[in-house]
Structures are given as structure tokens and as C-alpha cells.
Amino acid sequence: MVRVLFVCLGNICRSPTANGVFRAMVEQEGLGDHIETDSAGTHAYHTGEGADRRAFASARNRGVDLSPHRARQVREDDFHRFDYVLAMDRENYDDLMSLSPSGTADRVRMFLGFAPHLDHDEVPDPYYGGPDGFDRVLDMIEEAAAGLLEEIRTRHL
Ligand code: 4NP
């Protein structure tokens, strides 16, 4: 089993979307029994809440259902449990590196590192922007999710 955790700040916009998109790809490829996924936030502001309704609507337009999501904060045991702990932006990355128990820092990576052809290395925070932001975020997430799945196939399956 390969385990992947997607991490952003609030765990209501970017990381639930990344988890939903990646999970849908994994299921479509018949790899659901081999890859476990989850998402979390570096902060606890929104613990217990569902996905942001704009993220929910944008994902639904692409056939991805975020209704099962409930926000939670990253915990210490996540760094032992998950093989990939994937940060949406640099701030998330720095926070995760500070939180990571010894021997686990190599599990922390930038999610867009799996889409090296994109112009961006961070998924921009859409929380304070307009609805367009969520579609741009989805485009980036789809690219990086495909790259991540390819890496997992090559290295682990
Ligand atoms: P996310 O977006 O990190 O992609 O879930 C945000 C959600 C909430 C806040 C910031 C970013 N907030 O400040 O409450």
C-alpha cells in the first residue's frame, strides 16, 4: 500500500480538491486497493467543516465529488503513516518541514513538483479570490495528480 497525504493551510479548498481529483484517477485506474489517500491542513481553523462551496462546485463540474470531506489538522503520526506528504505551497512546505518528526522530512514534497512542465511551483490559495481561481487550481491539480500517479506506478506498483 502506498499512502499519500495532500496538505494545504485550511484543508477546505486546495488539499481536499487535490485528494478528490487524485482519488478519482486512482479509482478509475483500478488502483484503489493499492493507494490510500487523505488530506489535512497545517492549521485547525476549519476542523470538522466540509469543503468550501466554491471548491465543491468547481470539482463537481469536473465529475469529482467532495461531499465526504471533513477538514482536519495534520498530526505527528501522519508523517509516519504517509509515504508522500504533499504541500500545495511553500508556506505549507516550510510548516510541514518544521512539524516533521526526525527521519520523516524526505516524505514532504511540493505537489507541483510532479508537474515540472507547469510555470508554477505552488498551487495559489484561491480562498480570497473569485471563482476563476478554483478552475485554475483544478487545472494545476489535474496535471500534478497525473504526474504523481505515474511516479507511484513506476516506483511502487
Ligand atoms: P486552503 O484555503 O488552504 O486551500 O484550504 C484556505 C482556507 C481557509 C483559509 C485560508 C486558506 N483561512 O484563512 O481561513
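A residue counts as buried when its relative accessible area is under 20%, as exposed when that area is over 50%, and as partly exposed in between. Keep this cut-off at hand for the exercises below, and remember that the model is predicted.

**Exercise 1. Describe asparagine 11: where does it lie, and is it buried or exposed?**

Step 1. Find the place. Asparagine 11 sits in the loop that links strand 1 (2-8) and helix 1 (14-28).

Step 2. Apply the cut-off. The relative accessibility of asparagine 11 is 0%, so this residue counts as buried.

Step 3. Look at the backbone. Asparagine 11 has a phi near 60°, a positive value in a residue other than glycine. For comparison, most residues other than glycine have a negative phi.

**Exercise 2. Work out which residues surround the ligand and which polar contacts it has.**

Step 1. List the shell. Around the ligand are Cys8, Leu9, Gly10, Asn11, Ile12, Cys13, Arg14, Tyr45, His46, Asp125, Tyr127 and Tyr128.

Step 2. Sort the shell by class. Seven of its residues are nonpolar, three are polar and two are charged.

Step 3. Asparagine 11 takes part through its backbone, with a polar atom 3.2 Å from a ligand oxygen. Arginine 14 uses its side chain, and the distance is 2.8 Å. For histidine 46, a polar side-chain atom is likewise 2.8 Å from an oxygen of the ligand.

Step 4. See how much is covered. On its own the ligand has 360 Å² of accessible area, and the protein covers 92% of that.

**Exercise 3. Explain why histidine 69 counts as buried, and find what its side chain reaches.**

Step 1. Histidine 69 belongs to the loop between helix 2 and helix 3 (78-81).

Step 2. Compare with the cut-off. Histidine 69 counts as buried because its relative accessibility is 11%.

Step 3. Follow the side chain. It comes to 2.7 Å from the backbone oxygen of asparagine 11.

Step 4. With neighbours within four places in sequence left aside, histidine 69 is in contact with Asn11, Pro16, Ser39, Glu49, Gly50 and Ala51.

**Exercise 4. Say which residues alanine 71 is in contact with, beyond its neighbours within four places in sequence.**

Step 1. Start with the location. Alanine 71 is in the loop between helix 2 and helix 3.

Step 2. Check burial. A relative accessible area of 5% means that alanine 71 is buried.

Step 3. Name the partners. They are Gly10, Asn11, Ile12, His46, Thr47, Gly48 and Glu49.

**Exercise 5. Decide whether aspartate 38 is buried, partly exposed or exposed.**

Step 1. Aspartate 38 is part of strand 2.

Step 2. Its relative accessible area is 26%, so aspartate 38 is partly exposed.

Step 3. Now for its surroundings. Not counting residues up to four places away in sequence, aspartate 38 touches Val4, Leu5, Phe6, Asn19, Arg72 and Phe82.

**Exercise 6. Check the span of helix 5 and find what its buried residues pack against.**

Step 1. Helix 5 (residues 132-156) has 25 residues, so at 1.5 Å a residue it should span 36 Å.

Step 2. The end C-alpha atoms of helix 5 are 36 Å apart, which agrees with that expectation.

Step 3. Among the buried residues of helix 5 are Phe134, Val137, Leu148 and Glu151.

Step 4. The buried residues of helix 5 pack against strand 1, helix 1, strand 2 (35-41), helix 2 (53-61), strand 3 (84-87) and strand 4 (108-110).

Conventions
Residues numbered from 1 in each chain as written. Predicted model: local features only at pLDDT ≥ 70, side-chain atom pairs only at ≥ 80, totals over all residues. Heavy atoms only, no water. Helix = DSSP H or I, 4+ residues; strand = E, 2+ residues; numbered from the N terminus. Buried < 20%, exposed > 50% of the residue type's maximum accessible area, 1.4 Å probe, protein only. Expected span 1.5 Å × (residues − 1). Contact = heavy atoms within 4.5 Å. Near = heavy atom within 4 Å. Polar contact = N/O pair within 3.5 Å; in protein donor to acceptor, adjacent residues only side chain to side chain. Areas by Shrake-Rupley, 256 points an atom, 1.4 Å probe, with all protein chains shown as cover. Nonpolar A, V, L, I, M, F, W, Y, C, P; charged D, E, K, R; others polar.
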